[in-house]
Amino acid sequence: MTAELCPMMRDILEQPQLMRRCAEMDETRIKEFVQLFKDHPFQHILFCGSGTVATAGYVLKHTVRNMLGVESTLSYSSLLLWHSDFLFPHQPPPRHSLLICPAETGYTKGPVELARIAKRHGVPTVCTVRSRDSMLAKECTVAIEKLSGTERALPSTKGYTTGLLQLTVCVAAAAADTGAISPDEYAAFCQALKLLPDKCQAILDASDAWFHQWGDRLSNVPFYRIVGYGANFGTAMEGALKFEEANKCLAKAYELEEFLHGPSGAVRQGDVVIFLFGENGYERQRMAQLYRAMRSVTSGCIAVGAVPEDVSAPYDLPLPISDCQELNPVELILPLQVMACRLARQSGVDTTEVMNPAVKNLLRPSYDKMSHE
């Protein structure tokens, strides 16, 4: 990496080593998670949260479905609290349910209140959190302490990937232990996990080099569109959030097929559209078709990830993305983090500074940490 490192970039660069630690995670935490699946025949797993926590939940619901074969959904905490039958305060929740919150601080009000309601109704809960002394951790059946520690910058980067990966490792272990995946499938996952840190280091290096050569294509843009498919629609959502949080600009994520139903028609010449290429299959082929078609609409198209050679342009960012659906979202968020960080630095935005703090001070979406210690 070149140039002086800002706080956000320092967080980003820690991720390969943190991923190595995730791959060697404390067996005690994994066993606690796995034991839940031995003790309960879960039929529904619900992820809750807001912001980065919600985007992680979107990715993880695909992991749960693919590896455990269990129905899984995501809901924003406020919608779940006030506009849902699941864990509604005045009626019992469905049997054989599990609530998971891949949290950050453990003091956001929504997840804490949901965990309390779940506890009253005997519904098991799992969270990832920076400290097991947090309010949320104390309400949950299993609390997994995130290995990332505190972020230097406000946008969550290493916290996002670490929490995502720790829960993915737990889900894979539970799937192997319960026979939901075969020993060969679990061995293939473990092998891909072993290769992940070095692969992510290579992705970070390539992404930073790309920005120094082609970053001007992203400069002075009022609005960014990011298109993803499958679990990587969640990656697109997380990437858009990083662009907004770090660069203080407008950004929006689109699912591949939904992009065709209205949003694609709003793109004009010069608009930037980033296309995320994940695992191989029908949707990657569809993404390649969409990418080809949109290049005739705007010169601002950029393909990122496992870009097929027959559609790649010199200004694209091809990367060694894994075909492992459970791990490539961890890989594919990295270039978006680098782009957001470098754009912020280029624009002179301080990623450690809270913007519009009066809004949060008024609405107070989190409990005060000091008053609960």
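Predicted model: local features only at pLDDT ≥ 70, side-chain atom pairs only at ≥ 80, totals over all residues.
Start with the inside. Rolling a probe the size of a water molecule over the atoms shows where empty space is left. In this structure, two cavities of 30 Å³ or more turn up.

The largest cavity comes out at about 40 Å³. Its lining is made up of Thr52, Val53, Ala56, Pro102, Ala103, Glu104, Thr128, Lys146, Gly159, Tyr160, Gly163 and Leu164. The elements that give two or more residues to this lining are α4 (52–68) and α8 (158–177), and α8 gives the most, with four residues.

Next comes the second largest cavity, with a volume of about 30 Å³. Around this space sit Cys48, Leu99, Cys101, Pro111, Ala115, Thr125, Val126, Leu136 and Cys140. Here, two or more lining residues come from each of β3 (97–102), α6 (109–120) and β4 (125–129). Eight of the residues lining the second largest cavity are nonpolar and one is polar, with no charged residues.

Now for the outside. Val359, Leu362 and Leu363 form a nonpolar patch on the surface, and together they have about 350 Å² of accessible area. Leu362, a member of this patch, sits in helix α14, which covers residues 357–363. Leu362 counts as exposed because its relative accessibility is 70%, and the cut-off for exposed is over 50%.

Note on methods. Residues numbered from 1 in each chain as written. Heavy atoms only, no water. Patch = residues over 30% accessible without salt bridge, like charges linked within 9 Å, V, L, I, M, F, W, Y side chains within 5 Å. Areas by Shrake-Rupley, 256 points an atom, 1.4 Å probe, with all protein chains shown as cover. Salt bridge = Lys/Arg side-chain N within 4 Å of Asp/Glu carboxyl O. Buried < 20%, exposed > 50% of the residue type's maximum accessible area, 1.4 Å probe, protein only. 1 Å grid on protein atoms, 1.4 Å probe; cavity = no way out; pocket = protein on both sides within 12 Å on 5 of 7 lines; lining within 4 Å. Points joined across faces, edges and corners; volume = space filled by probe spheres on them. Nonpolar A, V, L, I, M, F, W, Y, C, P; charged D, E, K, R; others polar.
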